[in-house]
Each structure stands twice: as C-alpha cells, then as structure tokens.
Amino acid sequence: MMRSWESAPIGHAAEISAKIRQTLPILTTQRLRLRAPLIADFDAWAAIECGERGVHIGGPFSREEAWLDFSQAIAGWVLKGTGLWSVERLADGELVGFVLLHHEFGDPEVELGFLFTQAGEGQGYATEAALAALNHAFATLNWPTLVSYVDPANARSIRLNERLGATLDPSVQVEDADPCLVYRHPNPRGAR
Amino acid sequence: MIPMIATERLILRAQRMSDFAAYAEHMASDRARYEDGPKNLKEAWFDFAGSQGHWLLLGFGCWAIERREDGAFCGLTGVNRHVHYPEHELGWSLLEHAEGQGIAFEAATAAREYARNHQRIGELVSYIDPDNARSIRLAERLGAVFDPKAATPDNDPCLVYRHPKVAA
C-alpha cells in the first residue's frame, strides 16, 4: 500500500529530483527500458524484499530495512556514479524489476544485481536487462571486472548467472553472515 | 544537481564518499548514543547513503556540512523522510571537532530555510533523544517547541520538537 509520503515530489523539490534523474543513463533493449528509479517504484521493491523472495538477499526485510536498502542503492548514483535502475516493459511501461551496478558496503568488488517482481519473471526479462547492464559496465564504464553475489539456495539466480556466461569463482571470500557464492562475468574485452 | 548553500562560515553540499570515514567514526563512537548508536560500519553506511538517496527520489535530503575556512567536513544536516517517519524531519549530526561553535545552528537554519522557501516543506519536526540535552537546546534555539502529542517513528520514546510554521 502506498503511503502519502511516497507520492511524487512537488514544487522545486520535483525539479531537483528530475534534474538528478536526468543525469542517469537510460538503457533500452528489445523489450525493456532501464531508467532512473521513482519513489512510486518503492512499493514493488518492498514487495520483493519484504516477501518470501527476500529470503535470498538476507531478508525478508521489514519495510524500513527495505527502504534503507532501496535508498542506499540509489545513492550510489550520487556517491559513486552507478546504482540502481528500475526496469520497465516498453510495451506498457509496467515495472518488472530492478537491475543494479553497485559497489555495496563490505563487498570485495563491484556487483551486477537483479531483483524482479513475480509478474516480471519467467519471460527472460531478467536476462535481457542484466545483459544490458553488463554490457554497460564493460563497454561504457570500462570496468575491468564484474561479479554477482548469489545465495547458494537461489537456483533461479544461479541459472540466470550461468545463462549470462558467468562462472563460479571460489577464490573470492565474502565477509558476510550468510553464505554467498560469487559468480564472475567474463569481460568481453579480455582480462586486464 | 544537489543544490549547494553558502552561509557565513559554511557550505552545505552533496555528501561525498570521502566524508564517509569521518562519519562512520562518529557513528561508532559514544557520541552516537543519541542517534540510535553506536553503530557498526554497515549500519553507518545505510544511514549515510540512505539519506543521500532521498535527493534523487524526493528532491530533498541531507547535505554535508563543510567549513569554508579549511574545507573540513563537520557533519550532516537536512530533511529526512524515512519510511517509518510520520513527518518530515530536520536532522543534524555533528562531528566532535565541530562542536561548540554554533555550526549546527548555522547549518540547520540554512537547511530549514531552504526546505521552506525552495522545497515547500512547511511542516518540520526534529526527533530528539530525551537525554540529548545539547540537541534539545539547539532545537529550542531554532525556535522549535516540544510537541507532546506528535507521533514518533515506530513509537520510539524520542521527543518531537516542532519547528515554527512560516507563511506559505
């Protein structure tokens, strides 16, 4: 349910918000658009992180925890130059999920992350969106490496990483309370 | 993008990664006991980045307080609207080296004026730990008044100080 404060900003605050959003790259694929997040997207984010789907990312989270996670992933754009995109379907503008390029706190390297809504699943959207973000990371941002951190119990995410061509890298240890696999995405320009 | 404000002695500007170490040190110290702390590095990151994420989504948020004289990072101030906050909050968090010089007052005054005049946030409160005498004095100096009827975040036993309204 949407709270009153989750309504879109007004007045000069709306201009500030729009100006910041305009600086974010928009990535378009055959069926999807990766665009700047809006406050209205938080409900879908919270539904993922506070529900049973949140189990694979250290949750399920409370709404407050989900908010802080959403907010910090978005702050990446201002603090580090990359962060969270909302993924919408070109055909009808429907929000289907989120993709992330982010060096999250405590992680050894920058990460490609993806969270999709239940309705957005099973149609190859996650693969299509993740591929666009992955290409952006290597080709536009010129990042040398990219990994995905995956809960060993998240079979769907493991399959997606394998489909993207990533391979398990057992040499990286992640300092976290929860077990975590590291899938390494091959740099198409070769190792640096 | 994120607006910058200059006051007599300070600049309010966008937070930077290079501010984080000093902020995290502050949040890990005993000084953070009135800010739900002390907090570990990860919790400090969620606070620091969480308040910065506000700007893209809501068009307001926190600024880093920088002393003009030497460029020193002094802390954060600005408007928060976390998911569990019943109202918009004017907050401040000051590093030890910057205390006792009226810096928090100068910064919070500028942030509040900006919220009122540019972001059209007419109603502001500050949530303050009842034992935080220094912060209560600052709220009173800012003209805020204790509001015993106001709701607190998650029914936290903090005090709610309501800032004076301004004509729209």
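**Where chains A and B meet**

Q: In this predicted model, at what angle do H1(A) and helix H2 of chain B pack?
A: Helix H2 of chain B covers residues 41–58. Its axis and that of H1(A) are 6 Å apart. The two helices pack at an angle of about 100°.

Q: Are H1(A) and H2(B) roughly parallel or roughly perpendicular to each other?
A: Their packing angle is about 100°. Angles from 65 to 115 degrees count as roughly perpendicular. H1(A) and H2(B) are therefore roughly perpendicular.

Q: Which residues of H2(B) make the contact with H1(A)?
A: From H1(A) come A:Ala13, A:Ile16, A:Ser17, A:Ile20 and A:Arg21. By class, this contact has seven nonpolar, one polar and one charged residues. On the H2(B) side stand B:Trp55, B:Leu56, B:Leu57 and B:Leu58.

Q: Which helix gives the largest share of the side of chain A that touches chain B?
A: The whole contact takes 30 residues from chain A and 27 residues from chain B. On chain A, helix H1 (11–22) and helix H3 (63–79) each supply at least two residues. The side of chain A has 18 nonpolar, seven polar and five charged residues. Its largest share, eleven residues, comes from H3(A).

Q: Is A:Gly81 buried or exposed?
A: A:Gly81 lies in the loop between H3 and strand E3 (84–89) of chain A. It has 11 other C-beta atoms within 10 Å. A count of 12 or fewer makes a residue exposed. So A:Gly81 is exposed.

Q: What distance separates the C-alpha atoms of A:Gly81 and A:Gln123?
A: Along the chain, A:Gly81 and A:Gln123 are 42 residues apart.

Methods
Residues numbered from 1 in each chain as written. Chains lettered and ligands numbered in written order. Predicted model: local features only at pLDDT ≥ 70, side-chain atom pairs only at ≥ 80, totals over all residues. Contact = placed C-beta atoms within 7 Å. Helix = DSSP H or I, 4+ residues; strand = E, 2+ residues; numbered from the N terminus. Nonpolar A, V, L, I, M, F, W, Y, C, P; charged D, E, K, R; others polar. Axes fitted to C-alpha atoms, helices over the stretch in contact; angles between N-to-C directions. Parallel < 35°, antiparallel > 145°, perpendicular 65-115°, else oblique. Buried ≥ 20, exposed ≤ 12 C-beta atoms within 10 Å, placed from the backbone.
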